[in-house]
Amino acid sequence: MPNHLHVIWEMKEPNGKEMPHASFNKFTSHMIVKDLKLNSPELLPLFKVEDGERNFRIWQRDPLAILMDSREKFEQKLTYLHNNPLHERWGLVDRPESYSWSSARFYEDGVDDFCFLTHYMDKF
């Protein structure tokens with residue numbers, strides 16, 4: 001989507017004191033700001049905030065993190081993610097498998113364009 005992303009991941013080991021999504025947000029924010037400074041400094045002001053804790057805000061506060069504690073919940077969320085690019089608000093593709101940033105193609109024909117996907121049926 002043009003202004004957000006959805007991610008489903010599995011924790012392989014404990015993450016210390018932070019919640020997993022907090023670590024993801026912190027790490028990716030630092031990397032995005034570093035990349036913007038280097039490659040697109042003209043875009044950096046779009047993320048500038050007057051905040052005592054940070055200079056730039058990449059991710060919204062309080063992201064929606066959902067524990068996937070059942071196969072049914074997982075499948076419902078995965079279907080939502082795969083269909084999101086087709087939503088009339090975005091209209092990015094005609095089929096879930098056509099969206100280049102989706103795992104739908106992996107589930108359709110087994111092609112892992114990202115080289116790290118695993119089938120959820122291997123986990124349930």
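Figure 1. E53 is exposed, with a relative accessible area of 58% (buried means under 20%, exposed over 50% and partly exposed in between, for a 1.4 Å probe and protein chains only). The model is predicted: local features need pLDDT of at least 70 and side-chain atom pairs pLDDT 80 or more, whereas totals for chains, interfaces and linings use all residues. Residues are numbered from 1 along each chain as its sequence is written, and side-chain values use heavy atoms, without hydrogens and water. E53 forms a salt bridge with R54 (a side-chain nitrogen of Lys or Arg within 4 Å of a carboxyl oxygen of Asp or Glu). The closest N and O atoms of this pair are 2.7 Å apart. R54 itself is partly exposed, at 30% relative accessibility.

**Figure 2. The salt-bridge network that includes R57 and D51.** Five residues, D51, E53, R54, R57 and R61, are linked by salt bridges into a network. Within it, the side chains of R57 and D51 meet with an N to O distance of 3.2 Å. R57 is partly exposed, its relative accessible area being 21%. The structure as a whole holds 9 salt bridges.

**Figure 3. A salt bridge between R71 and E75 in helix α2.** An N to O distance of 2.9 Å joins the side chains of R71 and E75 in a salt bridge. Both residues lie in helix α2, residues 71-83 (helices are DSSP runs of H or I with at least four residues, strands are runs of E with at least two, and both are numbered from the N terminus). Because R71 and E75 are 4 residues apart in this helix, about one helical turn separates them. R71 is partly exposed at 35% relative accessibility, and E75 is also partly exposed, at 25%.

**Figure 4. L5 and the nonpolar surface patch.** L5, V7, W9 and M11 form a nonpolar patch on the surface, with about 360 Å² of accessible area together. Such a patch joins nonpolar side chains (Val, Leu, Ile, Met, Phe, Trp, Tyr) within 5 Å, or like charges within 9 Å, among residues with over 30% relative accessible area and no salt bridge. L5 is found in the segment before α1, which covers residues 20-39. With a relative accessible area of 44%, L5 is partly exposed. Although L5 and L81 are 76 residues apart in sequence, their C-alpha atoms are 9.0 Å apart in space.

**Figure 5. The backbone at C115.** The phi angle of C115 is near 65 degrees, a positive value in a residue other than glycine. In general, most residues other than glycine have a negative phi. C115 is placed in the segment after α3, the helix of residues 104-109. This cysteine, C115, is exposed, with a relative accessible area of 68%.

**Figure 6. The whole chain, as context for the close-up views.** The protein contains 3 helices and 0 strands, and from the N terminus on its elements run α-α-α. The C-alpha trace spans about 45 × 35 × 25 Å along its principal axes. Of the 124 residues in the protein, 23% are buried. Among contacts (heavy atoms within 4.5 Å) between residues at least 6 apart in sequence, 41% join residues at least 24 apart.

Technical notes:
Accessible areas come from the Shrake-Rupley method with a 1.4 Å probe; for residues, only the protein chains shown count as cover.
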